[in-house]
Amino acid sequence: MGDRETRNHSEVTDFILVGFRVSPELHILLFLLFLLVYAMILLGNLGMMTIIMTDPRLNTPMYFFLGNLSFIDLFYSSVIAPKAMINFWSESKSISFAGCVTQFFLFALFIVTEGFLLAAMAYDRFIAICNPLLYSVQMSTGLCTQLVAGSYFCGCISSVLQTSMTFTLSFCASRAVDHFYCDIRPLQRISCSDLFIYKVVSFSTGTIIILPTIIVIIVSYMYIVSTVLKVRSTEGRKKAFSTCSSHLGVVSVLYGAVFFMYLTPDRFPELSKVASLCYTLVTPMLNPLIYSLRNKDVQEAVKIFLEKKNTML
């Protein structure tokens, strides 16, 4: 039995990304929609990174984290969107085994890194509001660098574990992955291996990775809310909350979509695809808009940047 599974596993050289089960006429519309969203992701995140790097007034911990958030959003959406757009025009819709492994690894790396980075940003907002006099001391350049590096390290460890566990399974049931990218649940469906231990280990790993970030975010905001409510002036409370609203919006969109996808039963794969679409493309598109529309410093930096460009022209 083991030899048969090994043989079946070794015979898998590629997968078929089924994508969205819609009529062929809608493929053009979906392609244009993906293209528009991806173009906005490129424009928004590259623009945000450029503004943060070129404006010295944005040389603060919050914008250091935000620049890294834009970098992560840009790259993990680029892992998904181009291949999905190609498959709208492809007859085979195939992706090589190595390509599937690479896509899975990179996406897992960046999405977990973003979770830890959002936790670091929540801690940053906690220090800024609850200990403002010590902010410049506690949120030093060294600590910020360590928090970002730690986020990437945790993302890498998680991705290595998830990828190695997933692609040592035997895929003898089918080559058709019922999704628009290589994700963990649709790959599980086409495996003929015993998934009990795999699912236990995968769930435990996911809990160990995700739970600390959620706890940090929740505890940070509990302290933030408690501190802000003690502020007597309405204007002061409004100003304090406004510094957190963008981050809270980004957290809500990302975690809301992730939880919705993983709570959706396997018998509704199309709902999982819609939820996946939210955090693979919609969230990276919205993040720069949320921070630019809600942040006066970013708006002012954009104006100055555009004025300089117009002057050069």
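What follows is a chat about the cores and ring pairs of this predicted model.

Q: Which residues touch the most other members of the largest nonpolar core?
A: Phe65, Leu69, Phe107, Leu118, Ile217 and Tyr279, in a core of 68 residues.

Q: And which helix gives the largest share of this core?
A: That's α4, with 15 residues. Other helices supply at least two residues each, including α2 (25–54), α3 (61–89) and α8 (196–229).

Q: What is Ile217 in contact with, leaving aside neighbours within four places in sequence?
A: Leu118, Ala119, Ala122, Val251 and Tyr255.

Q: What's in the second core?
A: It's separate and has 17 residues, among them Leu17, Phe104, Phe167 and Cys182.

Q: Switching to rings: how many aromatic pairs does a search of the whole structure find?
A: 19. In one of them, Phe15 and Phe97 are stacked, 5.8 Å centre to centre with 25° between the planes.

Q: What does that pair tie together?
A: Phe15 is in strand β1 and Phe97 in helix α4, so the pair joins parts 82 residues apart in sequence.

Q: Is Phe97 buried or partly exposed?
A: Partly exposed, at 21% relative accessibility, whereas Phe15 is buried at 0%.

Q: What about Phe97 and Phe167?
A: They pair edge-to-face, at 5.6 Å centre to centre and 85° between the planes. Phe167 sits in the loop between α6 and β3, so this pair ties together parts 70 residues apart in sequence. Phe167 is buried, at 7% relative accessible area.

Q: Which residues do ring pairs link into a cluster?
A: Phe20, Phe34, Tyr76, Phe88, Phe107, Phe180, Tyr181 and Tyr279.

How values were computed: Residues are numbered from 1 along each chain as its sequence is written. This is a predicted model: local features need pLDDT of at least 70, side-chain atom pairs count only at pLDDT 80 or more; totals for chains, interfaces and linings use all residues. Side-chain values use heavy atoms; hydrogens and water are left out. A nonpolar core is a set of buried Ala, Val, Leu, Ile, Met, Phe, Trp, Tyr and Cys residues joined through side-chain atoms within 4.5 Å. Buried means under 20% relative accessible area, exposed over 50%, partly exposed in between (1.4 Å probe, protein chains only). Helices (H or I, at least four residues) and strands (E, at least two) are DSSP runs, numbered from the N terminus. Contact means heavy atoms within 4.5 Å. Rings of Phe, Tyr and Trp (its six-membered ring) pair if their centres lie within 6.5 Å; planes under 30 degrees apart count as stacked, over 60 as edge-to-face and the rest as tilted.
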